[in-house]
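Subject: Model handover and findings

Hi,

Here is the model for you to look through. My notes follow below it.

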Amino acid sequence: MARRSSPPKLPPALAFAGAKLLRRYVMADGASFAEQRARMQRLNSLLPSPPGITVRTETVGGVSCDRVVASGRDPRGVAPSGGVVLHFHGGGYCIGSPRFTRGWAAAVSVATGREVVLPDYRLAPEHPFPAGPADARAVWDALTGEGGVPAADVCVSGDSAGGGLALGLAMALRDAGRALPGALVLLSPWLDLSDDRGGDPDLVAADPVLTPAWLTAAARAYAGDVALDDPRLSPLLGDLAGLPPMLVQAGAVDIIASDSVRLAATVRAVGGDVTLSLANGMFHDFPTQAGNLEAADSAVRQVAAFLR
Amino acid sequence: MTAGPGTGTGAAEADAEVVDVAVIGTGFGGLGMGVSLKRAGRDSFVIIEKADGVGGTWRENTYPGAACDVPAHLYSYSFHRYDWSRRFPPQAEILAYIEHVTDHYGLRPHLRLGAGVASAAWDEDSATWTLALDGGREVRARVVVSSVGQLNRPALPSIAGLDTFAGPAFHSAQWRHDVALAGLRVGVIGTGASAIQFVPEVAKSAGHVTVFQRSAPYVIPKPDRPYSPGERRLYKLLPLVEKLDRLSIFLRGELLTSAIDGNGTAVKGVLKMWKEYLDEQVPDPELRAKCTPDYKIGCKRILFTNDWYATLQRPNVELCTDAISAVEPTGVRTADGVLHECDVLVYGTGFAATGFLQPMRFTGRDGADLHTRWADGAEAYKGVAVHGFPNLFLLYGPNTNLGGNSIIYMLEAQIRYVQQALDEMHRLQLAALEVRDDVERDFVAWVDATIEKSAWQSGCHSWYRVDNGRNTNNWPVLTNAYAKAMRRIDLLDYEATPQRSWAVA
Ligand SMILES: Cc1cc2nc3c(=O)[nH]c(=O)nc-3n(C[C@H](O)[C@H](O)[C@H](O)COP(=O)(O)OP(=O)(O)OC[C@H]3O[C@@H](n4cnc5c(N)ncnc54)[C@H](O)[C@@H]3O)c2cc1C
């Protein structure tokens, strides 16, 4: 069925192959996380910036952030809403950058009229826990402080490890008795660092993005001396009651997809409001491919409907 | 079954039958779903049927002359071939095929006949449906597949005095075989797909037949004939030959569909075929005028028959195009004041096709009522799923009817899709799937916009449309496009509820 006219999309099979190739390139020769980061940055710099947005790099709460806003010239765009999406990028707490999720941010801003703020939080192993969550909190405090955006107008989101930061931030705010964000959006979130992910060999073989060994290395680098099952590192193992409504999206061909499913089941069990969509034929973090992949566009439409 | 209904089997519900899947209806849809479940090794299912036997359309429509109008090589399950006696077999043969399939795939033990589903309610906690059957029995199921057809509830004409008629009066789908029509004066109301099949048969023995026509149908010849013993052997020995015939029927159906969808060349072709046929069959200009439709071709169902025009010219048959003003004890009075005396009245007035899933009541998530949801006309994502109604799948649901091809083809595409949904739920250990609201809305917007370009929406009054003009019944593009859209389920279109066991203790 013909959708509204839009540029051609990658066939899923090609996207899988591309993801595999990317992994091979980034992780080749047992590269250090610093080297992996540099390689990803090199790849990212080859990508054209998505159309229809303006990006400003600004310091918020002492953390450099990319602020993405739909320029309003896009015919599909909706009127600016005043709301903000505070999104934490993925990369196992060790790699990645705001540039990495700019495509998703652009699509979300165009579809919702919201500004999307992408913090360039500190990464391990140079800056292990609690540097990441501290940066996340600093950005939140600055964004929602005096004269800022009301907490309820902020959706906190994150992909992969960024999903863990987002959920952890909401839990920390709850524990501190602070105002909570209006909504949470978690894309293929990594929520349990203590799980070794080797349990399903078929899934390990099929996953084009993640490997158990890489996740273990990232978890160790990030955790430092803190136990991996500490809920501050593995929010799935903490108290999940009393959180804002959340939307969780994941591709099922992902060795950490079970985190999304366990999260949804647990939040339901404690009486929370959670919507889970599990794309059976998709890989880890597929929504970040918005603009290139029909499934990712569909995921963004779901985010827009959720935030409406 | 790992994903069977879990909690809450209290003493009060002890007599509810608990299954994984409850299918409603034993037409081609429900039985085909049963075959699929059987083949997938999922034996925990029942097929609930209000009637006392299987067959649906083909059990009910026993009127003389009842037959399919898509050749049986295509109008049959792709997975079960059969030794058909002719190209367009009669109702009895199609019903025998359905009975045979029911036996062959061992569906009998799964049938629950003789009591219909009155209502169904979703329980969010246990993620199950509870179905209340007429007579008080209950069935609890994780998933419900409704396959109650679009053409299951006869529609009577709304004419003053209908129940004052003194003689026998009945609908074509409820044929009174105990009423011998030989020598009697029979009034037939309606000239749709059923009437054009039974009027020629009735006229053979009736004393007089008056056919009351509101609007003339487009009629084109039906290339029907018996298969010779040699042909039947050939089809049996060389399945490929039958497959090719199946394909060629399908492609011709697509051509007809493209005409309805607005393909100008195809329209001209069909129009020419009809006009030449009419001119050749009906020499009398007055009758010819009466037989000329007053709407664009394709707006209503195009009909296939070889004996309609010939029958109208029999001495004992009269085509009356005056509007009916009332039914009286002894006959039908038309607007010109004439009373057309009849001994028997037959309603060839079709079905309440836009009343999807009526009169069942479905209560979904948060107490949502399905028919309230559908107040402006029924709609469903790809015809199969409705937001607010988790684990409910529809076969032959809204906007999946065709004007020029086999409904069984559509049903099979839907059955494969639903089977995939069940398989994925099992594999991923999900308790429920509910289609996303935005996905359903986008789809319906596309259907509504696309169908506006078709002949169906060119201004006639048809059984495809509801009061506000929306077409709730038909698929708007080629049949093949539907199969393509249904080939692989995308769970991203759905919101998933994990099984409880996933929760972190
Ligand atoms: C006279 C006639 C000729 C046709 N010819 C063709 C043709 O040539 N080609 C074509 O493609 N299509 C044709 N059709 C359309 C036909 O309806 C479909 O092809 C197909 O048979 C539909 O199958 P189904 O299982 O969806 O529904 P149906 O066959 O209508 O079966 C529905 C079943 O559900 C049962 N049911 C309904 N409500 C309940 C309830 N509340 N509880 C329990 N059970 C219930 C009914 O009793 C029935 O048995 C024809 C239809 C008619 C009426």
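Start with A:Ser188, which is buried at a relative accessible area of 1%. Buried here means under 20% relative accessible area, exposed over 50%, and partly exposed in between, with a 1.4 Å probe and protein chains only. A:Ser188 is not a glycine, yet its phi is positive, about 40 degrees. It sits in the loop between strand S6 (183-187) and helix H6 (201-206) of chain A. Helices (H or I, at least four residues) and strands (E, at least two) are DSSP runs, numbered from the N terminus.

Some ground rules. This is a predicted model, where local features need pLDDT of at least 70 and side-chain atom pairs count only at pLDDT 80 or more, while totals for chains, interfaces and linings use all residues. Residues are numbered from 1 along each chain as its sequence is written, chains are lettered from A and ligands numbered from 1 in the order in which they are written, and side-chain values use heavy atoms, with hydrogens and water left out.

The loop between S6 and H6 of chain A also holds A:Arg197. Its phi is near 70 degrees, again positive in a residue other than glycine. A:Arg197 counts as buried too, at 5% relative accessibility. Most residues other than glycine have a negative phi, and most peptide bonds are trans.

On to the peptide bonds. The one joining A:Ala124 and A:Pro125 is cis, with omega about 0 degrees. A:Pro125 is in the loop between strand S4 (115-119) and helix H4 (131-144) of chain A. A:Pro130 lies in the loop between S4 and H4 as well. The bond from A:Phe129 to A:Pro130 is cis, with omega near 10 degrees.

Back to S6(A). Five of its five residues are buried. A:Ala183, A:Val185 and A:Leu187 point one way from the strand, and A:Leu184 and A:Leu186 the other way. In a regular strand the side chains alternate between the two faces of the sheet. S6(A) pairs in the parallel sense with strand S5 (residues 154-159) of chain A, over five bridges. Pairing requires at least two DSSP bridges between the strands. Opposite A:Val185 in S6(A) stands A:Ser157.

Next, the interface. Chain A gives 29 residues to the contact and chain B gives 27. Contact means heavy atoms within 4.5 Å. About 2200 Å² is buried between the two chains, with 62% from carbon and sulfur atoms. That area is the accessible area (1.4 Å probe) that two parts lose on being put together, summed over both. Two salt bridges are counted between chain A and chain B. The criterion is a side-chain nitrogen of Lys or Arg within 4 Å of a carboxyl oxygen of Asp or Glu. A:Arg268 and B:Glu124 meet in a salt bridge at 2.8 Å, N to O. Elements giving two or more residues to the side of chain A that touches chain B are helix H8 (257-269), strand S8 (274-283) and helix H9 (294-307) of chain A. H8(A) provides the largest share of that side, eight residues.

Last, a spot in chain B. B:Ala378 is in the loop between helix H10 (370-373) and strand S18 (392-394) of chain B. It is buried, with a relative accessible area of 3%. Leaving aside neighbours within four places in sequence, B:Ala378 is in contact with B:Phe356, B:Pro398, B:Arg470 and B:Thr472. B:Ala378 and B:Asn399 are 21 residues apart in sequence and 8.7 Å apart in space, C-alpha to C-alpha.

Best wishes
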